[in-house]
Amino acid sequence: MPKIETVKLKEVVLGEGRPKICIPLTAKTKEELIVQARIASNSCADLIEWRADLFLENLDRDHLLFVLDIVKKSLGSIPLLFTCRTKKEGGGKNFSETEYANLNQFAAESELVDLVDIEAFFGQDQSFVKKMIETIHSFSTPVIASNHEFHKTPSSKEMVERMCFMQEIGADIVKLAVMPVCAKDVLSLLCATEEMVRCFAVKPIVTMSMGKEGIISRICGEIFGSALTFGAIGECSAPGQLPADKLKEILMILHEGN
């Protein structure tokens, strides 16, 4: 079994112990975002994600940095994950390559975020994603490479191959989310996670099966090897997310039993 290189975000360590809880901020305006951030900062969150793709205000460099500064101050010591999710993978906006690269670079160089999410299959050229990861790393910011499949669950073999690819292009954390059409698909996701961690992973792995059928995958990460799970404090950012407080309770019960 390969040794996992943990990722430390302030005092939060991904890749050891129970799965950490990430709470997404899905506000559309600055005023809503401030309220959400304050609520999240007083929750059970280990990590907080700002879904900038759902934000309706201008995202030019100056306003982006202004909003990030407000959010960061509201979160205190809780690490911040910056995410621009594209419509192709379940997000709120379409981005050109230039827009996508600039937003993620601005966030990384601001030193106001602790982690940046990059879609591993963005665009037509794999070298584009590799270059983005290298650029973000140049600002000493770790990267979570992600892939979201909203229409099906690929074969276990393909899921492992996708995770290996994300690891190979330089990601510090690998994330895969898929949609089940039956209970067996959830088992396939869990089996792929276990195989990846047992045979190939040197970076923390984050996996989930979405929707109601996949809820079990959001709570059993410590058993199968997923290092992070997402919980909601209001509006969900993906189908199947549990309320964060209930999620924490379940994770702690399983952790103590394990």
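Biologist: Which residue stands opposite Asn-147 in strand 8?

Modeller: Leu-176 does. Strands here are DSSP runs of E with at least two residues, helices are runs of H or I with at least four, and both are numbered from the N terminus. Before we go on, this is a predicted model, so local features need pLDDT of at least 70 and side-chain atom pairs count only at pLDDT 80 or more, while totals for chains, interfaces and linings use all residues. Residues are numbered from 1 along each chain as its sequence is written, and side-chain values use heavy atoms, with hydrogens and water left out.

Biologist: Thanks! What makes strand 7 and strand 8 a pair?

Modeller: Two strands pair if DSSP finds at least two bridges between them. Strand 7 and strand 8 (residues 173-178) run parallel and are joined by six bridges, so they qualify under that rule. Strand 7 (residues 143-149) also has four bridges to strand 6, again in parallel, and there Ala-145 is the bridge partner of Ile-118.

Biologist: Which crossover links strand 6 to strand 7, and what is its hand?

Modeller: The chain passes from strand 6 through helix 4 (residues 126-137) to strand 7 in a right-handed β-α-β crossover. The label right-handed means that, with the strands pointing away from the viewer, the path from the first strand over the helix to the second runs clockwise. Strand 5, helix 3 and strand 6 make a right-handed β-α-β unit too. Strand 5 (residues 80-83) pairs with strand 6 in the parallel sense over three bridges, and Leu-81 stands opposite Leu-115.

Biologist: What is the order of the strands in the open sheet?

Modeller: Nine strands form it, in the order 9-8-7-6-5-4-3-10-11, with parallel pairing. Strand 9 (205-209) and strand 11 (242-243) each have a single partner strand, so one side of each is left without a neighbour in the sheet.

Biologist: How do you know that strand 6 is largely enclosed by the rest of the structure?

Modeller: Buried means under 20% relative accessible area, exposed means over 50%, and partly exposed lies in between (1.4 Å probe, protein chains only). Five of the five residues of strand 6 (residues 115-119) are buried, so the strand is largely enclosed. Leu-115, Asp-117 and Glu-119 cover one side, with Val-116 and Ile-118 on the other.

Biologist: Why is the contact between Arg-51 and Asp-53 called a salt bridge?

Modeller: The rule asks for a side-chain nitrogen of Lys or Arg within 4 Å of a carboxyl oxygen of Asp or Glu. For Arg-51 and Asp-53 the N to O distance is 2.8 Å, so the contact meets the rule. Both Arg-51 and Asp-53 are buried. The count by this rule comes to 13 salt bridges, and one network of them links Arg-85, Asp-117 and Glu-119.

Biologist: How far apart are the closest N and O atoms of Glu-109 and Arg-61?

Modeller: They are 3.5 Å apart, and the two residues form a salt bridge. Glu-109 sits in helix 3 (residues 97-110) and Arg-61 in helix 2 (residues 61-75), so the pair ties together parts 48 residues apart in sequence. Glu-109 has 25% relative accessibility and counts as partly exposed, and Arg-61, with 37%, is also partly exposed.
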